[in-house]
Amino acid sequence: MPRGGGSSLAGQTVGEALVIDFTPHLDAVVELNAEERWVRVQPGLVLDRLDRYLRARAPHLMVGPDPASGKRATLGGMLGNNATGTHSILYGNMVRHVAAAQALLDDGTPVRLEPLPPDAWAERTRRAGREGQLYRDLDALLTAHRDVIERDTPRHWRRNSGYRLEYLLGDERNVAQLLCGSEGTLAVVTELTVRLVDRPRRTALGVVHFHTRREALRAVPTILGTDPSAVEFFDGRSIRQARRSPGFGHRLTFVEGEPGGVLITEYYGATEAELTGRLDELEDTLARAGEGYAVVRVTDPAAIANVWGVRTEALGLIMNVRGDHKPVAFIEDASVPPEHLADYIDALA
Ligand SMILES: Cc1cc2nc3c(=O)[nH]c(=O)nc-3n(C[C@H](O)[C@H](O)[C@H](O)COP(=O)(O)OP(=O)(O)OC[C@H]3O[C@@H](n4cnc5c(N)ncnc54)[C@H](O)[C@@H]3O)c2cc1C
C-alpha cells in the first residue's frame, strides 16, 4: 500500500498491508521547468516544501490544489486521493494538474504514463508484457462501456467516487489521470509531473457578516457570481469559541458584532486598484440582493494570513471544547450544489 503523509480522512493508508512510505527517501524535486510551467517530483515530497522551493526559484508559480493539510500532504498522496483545497473553485482537483507519471504496475513493471495521441496509444497496445496488456484491456473496456461512461458519469466535477474513466474518452488520452483518485489501487507512482499555475500577485478579503447561518449560506450563490477565488464559511459558534479562548480573542479583528456566521471571500488581483474594484463590486452586489449586514475589508498580507490562520485553527478549538459534549465528524467532504447548501445544512442541524 503506497503511503504519503497518511492524512487521508477515511483511513486509506492504515489497512493491513505492506506499507510503502515514500516520505523518508523519495521526496525530492527532480526537475523544474518554469518556462513550460511544470515540475517533476518524487511522490513523498510534501506540498509545503515544494511551495517553499517554488517561492525561491520561480516565485510567480505554484501548485493549484492546496489542501489544508499542506504541511503534511505529499504530492503522491494528493494524486492518490485527487486532492483539492480552499481554491477548488479556481483550480479543481489534481486530475486537472497531473501531466504525467512514472509508475509501477502490480507485477513491478515500470511504465511512463503521459498524454498520448491516437497513434502513440496504438503503439502502446502493441507492446509486449503487462504494459501492452494494460492498454489493450483499457481499449476493450472503453469500447464496451463507452455509452455507459458517457451517459452515467455525474456532470459535476466535485466528486471522487470510482475511477475517472471519462478522462480516457477523448482523442488524446493520459492514463496518469486515471490514477488520480485511485487511492493506490491501480499502480504505485514513483514520480509525477505537475503543471503549475500563476501565483496571485495580490489578494484581498471581504469578510461578509450575516445575522444567521442560514442567511450566510443562502448568500453563497450571490457571492459566487462575483468570481471570487475562495469562499469559506466561519460559523458563529466557532467565532464565539475563538473569542473565549486565550490567545485568540485579540486576533478576531475582522469580526464585527455577534454574527451568526461570516463568509470569508477572497479575490485575486494584479494591483491594489483592481482589488478595491473587486471589493466594491462585492459590496454593491450584496446591497442589491439585500444580503449581509457588514463587509470588513482585509487587504494587508499579514492581516489576511491572520484571518486564514484563525479560520484553520478554530476547527481545533471546537474539537478541544471542554465538557461532555464533543463534536463528532460524521460526514466528510460532502459536495452540495451551492443553491441547496442552506437547506442541506438546516436539514442536518
Ligand atoms: C486537516 C486536514 C485537512 C485536509 N484538507 C483537505 C482539503 O482542503 N482538500 C482536500 O482535497 N483534501 C484535504 N484533506 C485530505 C487530503 O486529500 C489529504 O490530506 C492529502 O491529499 C493526502 O496526502 P497524503 O500525503 O497524506 O496522502 P496519504 O493519506 O498518505 O495517501 C492518500 C492516498 O494516495 C495513495 N498514495 C499515496 N502515495 C501514493 C503513490 N506514490 N502512488 C500511488 N498512490 C499513492 C494512498 O494509498 C492513499 O490511498 C485534508 C486532510 C486533513 C487531515
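This is a predicted model: local features need pLDDT of at least 70, side-chain atom pairs count only at pLDDT 80 or more; totals for chains, interfaces and linings use all residues.

Trainee: Which residues come nearest to the ligand?

Mentor: P2, S7, S8, S69 and E183 come nearest, out of 31 residues around the ligand. A residue counts as near if one of its heavy atoms lies within 4 Å of the molecule.

Trainee: Which side chains have a polar atom 2.6 Å from an oxygen atom of the ligand?

Mentor: S8 has a polar side-chain atom 2.6 Å from a ligand oxygen, and E183 likewise places a polar side-chain atom 2.6 Å from an oxygen atom of the ligand. For T74, an N or O atom of the side chain is 2.7 Å from an oxygen atom of the ligand.

Trainee: How much of the ligand does the protein bury?

Mentor: The protein buries 87% of the 970 Å² that the ligand exposes when taken alone. Such areas come from the Shrake-Rupley method with a 1.4 Å probe.

Trainee: Which elements give two or more residues to the shell around the ligand?

Mentor: They are β1 (2-3), α2 (75-80) and β10 (188-195). The largest share, four residues, comes from α2. Helices (H or I, at least four residues) and strands (E, at least two) are DSSP runs, numbered from the N terminus.

Trainee: Now the charged pairs. How many salt bridges are there in the whole structure?

Mentor: A search finds 26. A salt bridge here is a side-chain nitrogen of Lys or Arg within 4 Å of a carboxyl oxygen of Asp or Glu. One of them joins R49 and D27, at 3.1 Å from N to O.

Trainee: Why does that pair tie together separate parts of the sequence?

Mentor: R49 lies in helix α1 (residues 47-57) and D27 in the loop between β2 (20-21) and β3 (29-33), so the pair links parts that are 22 residues apart in sequence.

Trainee: Is D27 buried or exposed?

Mentor: D27 counts as buried, at 19% relative accessibility, whereas R49 is partly exposed at 39%. Buried means under 20% relative accessible area, exposed over 50%, and partly exposed in between, with a 1.4 Å probe and protein chains only.

Trainee: What does R124 pair with?

Mentor: R124 meets E114 in a salt bridge of 2.7 Å, N to O. R124 lies in helix α4 (residues 118-125) and E114 in the loop between β7 (110-113) and β8 (115-116), so this pair ties together parts that are 10 residues apart in sequence. R124 also meets E131, at 3.7 Å from N to O. R124 is buried at 7% relative accessibility, and E131 is buried at 10%.

Trainee: Which residues are linked in the network of salt bridges?

Mentor: The network links R112, E114, E123, R124, R127 and E131.

Trainee: Lastly, β6. How many of its residues are buried?

Mentor: Five of the seven residues in strand β6 (residues 98-104) are buried, so the strand is mostly covered.

Trainee: Which strands does β6 run antiparallel to?

Mentor: Six bridges join β6 to β10 in antiparallel fashion, and four join β6 to β7, also antiparallel. Two strands pair if DSSP finds at least two bridges between them. A103 has V189 as its bridge partner in β10 and V111 in β7.

Notes: Residues are numbered from 1 along each chain as its sequence is written. Side-chain values use heavy atoms; hydrogens and water are left out. A polar contact is a pair of N or O atoms within 3.5 Å; within protein, one must be able to donate a hydrogen and the other to accept it, and residues adjacent in sequence count only if both atoms are side-chain atoms.
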